[in-house]
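Here is a short briefing on one protein chain. Keep the sequence and the 3D view open as you read.

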Amino acid sequence: MTKVRLLFGLLLASLALVATACGGGSDEVPTGAVAVVNGTEISKAQLSEYMELSKKGYARTKQTFPKAGTPEYQDIQARNLAYLVEFVQLQQAADDLGVEVTDEAVEKLESQTIKSKFDGDRAEYVKALKKAGYTPEQYRKTAYLYTVLSSKIFTAVTKDVTVTPQDVLGYYTANQAQYGTPRSREVRHILIQVKDKDGNVDFAASKAKADDVYAQLKAGGDFAALVKKYSADTGSVADGGKYSVVEGQGTVAEFEKAAFALATHEVSKPVKTQFGYHLIEPIEDTKKATVQPFEKVQASIKALLLQQKRNEEIQKWVEDQKAAYDGKISYAAGYEPPAVPDAPTDTQ
């Protein structure tokens, strides 16, 4: 349900742009109405009801509600009217799609909310609504009706969307890395890094020192003790030079190549990287790369692709709605929405 509401937030935002683009003061709006949406009137009383709710919201947070006529007041009024226009568009879309919202569906959503958010305590629920400035009836006619409408329209618009087995297999094949774990290996290393007077790595001096430490290791020197004495890798010194190498995930190429090529407990000769010279010893066998079997992930892939296709379908429907409402929204003088600024022409 949350995904549907978020999606319809975007949907109605798009419809709001239509309302702004098409709106303007008009003699076609009857007295007592503030707007007409494709033949459906929005009354001043409806807008006043929402303005009262906004005023209660300000009072609840101990803020002063803007005075009538101020830019702040006009902004609140415009946003409330935009919501009412969007709601009418949603209801008209439902009629066109043959979508019906019953009282039972709205009451069911209300009951689910009371159960999940208020532990089934209706008195606490009513108390919370009152604090927010709503009666249960008002909330059923606004928030719950909106949610049920959104859900049913989404279902109606996307009911014919399908995902084929070929789609699922194709996605799995093209995204193998997403469903697998690359090979990895645990190693320990000593980074020999001698710097010149300018603070740059002196590779010749580093190589000479690395050869010396390598000779000490071959003569039976303790790896952990030599790590502590010589390694410039401060991040691994405290752990005896231990380092996890995961193929393709951040280790420099020369180091990674040596880490997987060496036998377990074989100490490498000095390996040059951009950081200096490394003496590397794998301390475990390589863990092979794994890929989740198709059978284990095909359901989640199908769900992902189905959601993507449904989103595409609803966005296409939104574009059709925008075109359908072109020129079909009128506002009473003084209630016109603010104009949408032209897109900038400067490509910078």
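Strand β1 (residues 33-37) pairs with β2 in the antiparallel sense, over 4 bridges. The model is a predicted one. The points below cover the sheet, a helix and the cores.

**Helix α12**
- Helix α12 covers residues 294-324, which is 31 residues.
- From first C-alpha to last, α12 reaches 43 Å, close to the 45 Å expected at 1.5 Å a residue.
- A kink of about 25° is centred on Ser-300.
- Buried residues of α12 include Phe-294, Ile-301, Leu-305, Trp-317 and Gln-321.

- In soluble globular proteins, nonpolar side chains tend to be buried together.
- The largest nonpolar core here has 22 residues, and Leu-149, Ile-153 and Trp-317 have the most contacts inside it.
- The elements giving two or more residues to this core are α3 (71-97), α4 (103-117), α5 (122-132), α6 (136-158) and α12.
- Helix α6 gives the most, with 9 residues.
- Leaving aside residues up to four places away in sequence, Leu-149 touches Phe-87, Leu-90, Gln-91, Ala-94 and Val-101.
- A second, separate core has 18 residues, among them Val-37, Leu-53, Leu-81 and Ile-329.

Technical notes. Residues numbered from 1 in each chain as written. Predicted model: local features only at pLDDT ≥ 70, side-chain atom pairs only at ≥ 80, totals over all residues. Heavy atoms only, no water. Expected span 1.5 Å × (residues − 1). Bend = angle between axes of the 7 residues up to and from the residue. Buried < 20%, exposed > 50% of the residue type's maximum accessible area, 1.4 Å probe, protein only. Pairing = 2+ DSSP bridges. Core = buried A, V, L, I, M, F, W, Y, C linked by side-chain atoms within 4.5 Å. Contact = heavy atoms within 4.5 Å.
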